[in-house]
Amino acid sequence: MHRGWHGGAGRGGRGPGRGGWQQADLPDAGDAGAWLQGRLPDGWFTGAPEVTVDREEIVVVGELPPVDGTFADTEAGRADRAAAVAGRISRFREQTREERIEIARQAEHRYGRKVAWGARIGEDVELFTVASVPVMTRLRQPERVVLDTLVDSGVARSRSDALAWAVRLVGEHADEWLGELRDAMARVDELRAKGPTGDE
């Protein structure tokens with residue numbers, strides 16, 4: 001099951017933190033969620049898609065209508081439902097392929113990032129082709145967001161340092177700590193914005 005990172009990187013956000021990334025020349029993707037919502041054809045999804053952004057990739061996950069029929073709460077019934085969900089997502093993927101490629105091309109030109117797609121039915125999520133970026137090992141977007149949060153906050157100097165730090169830190173409260181760190185970074189930005197500008 002796919003588990004997205006929300007908060008700083010959330011729906012169309014530029015990513016976690018306050019711009020400590022080393023690729024400052026990337027186009028701002030702050031409006032990616034709104035742009036995609038306007039660009040996507042009506043009827044693809046039951047609501048606005050979940051759009052997650054980091055410096056390499058934009059991941060778009062939309063909710064599809066639930067599968068028809070009732071399924072018994074048995075092993076066979078659950079297997080049948082899983083098969084129906086997989087079939088529904090496969091149908092969406094095939095029927096929208098050409099148009100998704102064109103939308104991705106436009107978004108990549110606008111935001112300078114690759115675009116990946118996914119579909120959700122209830123708690124079941126399937127991601128289509130997504131980037132796996134080398135950082136001493138190959139990581140997908142949710143893991144890269146963790147590393148970038150540590151770099152942006154100054155906890156680590158690079159993704160490699162962040163990866164080593166994260167391995168040492170792993171524990172049951174890691175998610176809670178990262179959320180608190182993002183909140184603290186946002187508070188620093190607010191205080192900086194209220195401070196003297198030096199333009200008087």
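Guide: Here's a walk through the core, starting with the ground rules. This is a predicted model, where local features need pLDDT of at least 70 and side-chain atom pairs count only at pLDDT 80 or more, while totals for chains, interfaces and linings use all residues. Residues are numbered from 1 along each chain as its sequence is written, and side-chain values use heavy atoms, with hydrogens and water left out.

A nonpolar core here is a set of buried Ala, Val, Leu, Ile, Met, Phe, Trp, Tyr and Cys residues joined through side-chain atoms within 4.5 Å. Buried means under 20% relative accessible area, exposed over 50%, and partly exposed in between (1.4 Å probe, protein chains only). The largest core has 25 residues, and Ile58 and Trp117 touch the most other members. Two or more residues come from each of helix H1 (32-39), strand S1 (50-53), strand S2 (57-63), helix H2 (75-95), helix H3 (97-111) and strand S3 (114-121); helices (H or I, at least four residues) and strands (E, at least two) are DSSP runs, numbered from the N terminus.

Zoom in on Ile58: setting aside neighbours within four places in sequence, its contacts include Ala32, Leu36, Val51, Val53, Tyr111, Val115 and Gln141. Contact just means heavy atoms within 4.5 Å. There's also a second, separate core of 12 residues, with Leu139, Ala166, Leu178 and Met185 among them.

Stepping back, the chain has 6 helices and 6 strands, and buried residues make up 39% of its 200 residues.
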